[in-house]
Amino acid sequence: MKCYPNPVKDELTIDYAVENEGDNVFIAVYDLFGQKVAEIANGKHAAESYKIVWNCIGQNGINLPGGTYFIRMVSGKKTVVQKIQ
């Protein structure tokens with residue numbers, strides 16, 4: 001998984017690949033306290049590469065304030081975390 005630009009301003013691009021056909025992919029954003037503030041993807045994916053553009057809006061429908069966040073992707077048995085600002 002690759003997230004850019006970092007630091008992010010208005011939109012964050014997330015590139016990721018799914019290795020196994022039909023793997024469930026879960027991508028979410030967490031704050032420094034470990035609270036989930038946004039869910040970006042959740043569902044079965046084909047084995048290929050993907051690109052998502054996220055608008056930095058939280059679960060409450062409001063733009064997230066500036067700060068440090070963590071993008072966490074779980075795909076099959078693999079978990080990847082990337083810090084963004």
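## Overall architecture

Strands are here DSSP runs of E covering at least two residues, and they are numbered from the N terminus. In this predicted model, the chain reads β-β-β-β-β-β-β along the sequence, with a secondary structure that comes to 0 helices and 7 strands. The radius of gyration is 12 Å, close to the 12 Å that the globule rule gives for 85 residues, so the chain is as compact as a globular protein of that length.

Along its principal axes, the C-alpha trace spans about 35 × 20 × 20 Å. Of the contacts between residues at least 6 apart in sequence, 52% join residues at least 24 apart. The share of the 85 residues that count as buried is 36%, and the accessible surface of the chain comes to about 5200 Å², with 49% of that surface belonging to carbon and sulfur atoms. The chain carries 9 positive and 9 negative side chains, and the centres of these two sets lie 6 Å apart.

In soluble globular proteins, nonpolar side chains tend to be buried together. In this chain the largest nonpolar core has 20 residues, and those with the most contacts inside it are Leu-12, Ile-14, Tyr-16, Ile-27, Val-29, Trp-54 and Ile-71. At least two residues of this core are supplied by each of strand S2 (12-17), strand S3 (24-30), strand S4 (36-44), strand S5 (49-54) and strand S6 (69-75), and the largest share, 4 residues, comes from S4.

Trp-54, one of the core residues with the most contacts, is in contact with Asp-10, Glu-11, Leu-12, Val-29, Ala-38, Ile-40, Leu-64 and Ile-84, when its neighbours within four places in sequence are left aside.

## The loop between S5 and S6

Asn-55 is found in the loop between S5 and S6, and at 39% relative accessibility it counts as partly exposed. Beyond residues up to four places away in sequence, Asn-55 touches Asp-10, Glu-11 and Asn-63, whereas its C-alpha atom is separated by 28 Å from that of Asn-20, which is 35 residues apart from it along the chain.

Cys-56 also has its place in the loop between S5 and S6. Because its relative accessibility is 9%, and buried means under 20%, Cys-56 counts as buried. The phi angle of Cys-56 is near 65°, a positive value in a residue other than glycine.

Pro-7 lies in the loop between S1 and S2, where a cis peptide bond joins Asn-6 and Pro-7 with omega of about 15°.

## A buried serine and an exposed leucine

Ser-75 lies in strand S6 and, at 8% relative accessibility, counts as buried. Leaving aside its neighbours within four places in sequence, Ser-75 is in contact with Val-18, Asp-23, Asn-24 and Val-25.

Leu-32 lies in the loop between S3 and S4, and its relative accessibility of 59% makes it count as exposed.

Methods:
Residues are numbered from 1 along each chain as its sequence is written. This is a predicted model: local features need pLDDT of at least 70, side-chain atom pairs count only at pLDDT 80 or more; totals for chains, interfaces and linings use all residues. Side-chain values use heavy atoms; hydrogens and water are left out. A nonpolar core is a set of buried Ala, Val, Leu, Ile, Met, Phe, Trp, Tyr and Cys residues joined through side-chain atoms within 4.5 Å. Buried means under 20% relative accessible area, exposed over 50%, partly exposed in between (1.4 Å probe, protein chains only). Contact means heavy atoms within 4.5 Å. The radius of gyration is taken over C-alpha atoms; the globule rule is 2.2 Å times the number of residues to the power 0.38. Accessible areas come from the Shrake-Rupley method with a 1.4 Å probe; for residues, only the protein chains shown count as cover. Lys and Arg count as positive and Asp and Glu as negative; His and the chain ends are not counted. The place of a charge is taken as NZ of Lys, CZ of Arg, CG of Asp or CD of Glu.
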